[in-house]
Amino acid sequence: MRFLSLGGQTKVCPYGSLLWDVGEPGAVRRGNPEGEVRMKKLFLIGGMGAGKSTARKALTDEGLAWIDLDQVGHEVLMWDTVKDDLRGAFGDDIFDENGEVVRSALAAKAFATPAATRKLNTITMPRIEERYTDLIDGFEAEGKPAVVVEYSVFRNRQSSLAYGADVVMAVLAPLETRIERAVKSGFSEEDVRARIARQITDADRIEASDVVFNNDGTPEELRNEVISWWNEYKSCC
């Protein structure tokens, strides 16, 4: 096992025992005796206002590919098959005059009850996974060494797209700091608190993650920590 201590948190980074055979840097993935180089999937999680975008940009500036699953979710709402299913589940009034989904209207209905949320997920999640898989295949065909997957609605590693992650990185920050940042970016405080209340806790994120970054300093400090971690990770994996 390897240990990383970043931002005051120490976490196990399992590129020694669970994910990778113990041995030389660049160890062969289990089940891959030919030693084929496989693109690494680095999942980036964190609550609203925690600083995921700053961490992501630090990695993409280093040349890594990037997938924002929020953007993928918005994209699939434009698919005709998804629109048809949403219309049947939630009615005509979630669409504008051009036949496009009004996300705020959909959210008002889809997040009103747990049953409605499950209905939305049944419609959208298989399409999101389909699009995600296509993007991953495309980046692998391009020979990208790694992809950063920004995942704001992460729940756990077992029941989400992150089950295929090589590393899950959590970005944390104090609650009031997160709220202040989000309000400055244009959200109302009421909306921010409601969104945060629907997300998992930082304790859950720590439990699910391999690396934790505490973003209670400046953006530059977070950026430096993320790049330092990436340089160490790529040197051995």
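Student: Which residues are linked with Asp61 in a network of salt bridges?

Tutor: Good place to start, and keep in mind that this is a predicted model. Side chains of opposite charge can pair when their charged atoms come close. Here a network of salt bridges joins Asp61 to two partners, Lys57 and Arg223.

Student: Which residue in E5 stands opposite Lys41?

Tutor: Let's begin with the two strands: E3 (residues 40-45) pairs with E5 (residues 146-150) in the parallel sense, over five bridges. Within this pairing, the residue of E5 that stands opposite Lys41 is Val147.

Student: Why do the buried residues of H1 line one face of the helix?

Tutor: In helix H1 (residues 52-60), the buried residues are Lys52, Ala55, Arg56, Ala58 and Leu59. Among the elements that cover them are E3, E4, E5, strand E6 (167-172) and helix H9 (219-236). Look down the axis of H1: the buried residues line one face because they fall within an arc of 155°.

Student: Which element gives the largest share of the largest nonpolar core?

Tutor: This core has 25 residues, and those touching the most other members are Phe43, Ile67, Leu69, Tyr132, Val147 and Tyr151. At least two residues come from each of E3, E4, H2, H5, E5 and E6. The largest share is four residues, and it comes from H5.

Student: Which residues does Tyr132 touch, not counting residues up to four places away in sequence?

Tutor: Tyr132 is one of the residues that touch the most other members of the largest core. Leaving out residues up to four places away in sequence, Tyr132 touches Lys41, Phe43, Ile67, Leu69, Val149 and Leu161.

Student: Is Lys83 buried or exposed?

Tutor: Lys83 forms a salt bridge with Glu100, with the closest N and O atoms 3.1 Å apart. Lys83 lies in helix H3 (residues 80-90) and Glu100 in the loop between H3 and helix H4 (103-110), so the pair ties together parts that are 17 residues apart in sequence. Glu100 has 30% relative accessibility and counts as partly exposed. Lys83 has 10%, and since the cut-off for buried is under 20%, Lys83 counts as buried.

Student: How many residues apart are Asp93 and Lys109?

Tutor: The side chains of Asp93 and Lys109 meet in a salt bridge of 2.7 Å, N to O. Asp93 sits in the loop between H3 and H4, while Lys109 belongs to helix H4. The pair links distant parts of the chain, and the separation is 16 residues.

Note on methods: Residues numbered from 1 in each chain as written. Predicted model: local features only at pLDDT ≥ 70, side-chain atom pairs only at ≥ 80, totals over all residues. Heavy atoms only, no water. Pairing = 2+ DSSP bridges. Buried < 20%, exposed > 50% of the residue type's maximum accessible area, 1.4 Å probe, protein only. Arc of directions from axis to C-beta. Contact = heavy atoms within 4.5 Å. Core = buried A, V, L, I, M, F, W, Y, C linked by side-chain atoms within 4.5 Å. Salt bridge = Lys/Arg side-chain N within 4 Å of Asp/Glu carboxyl O.
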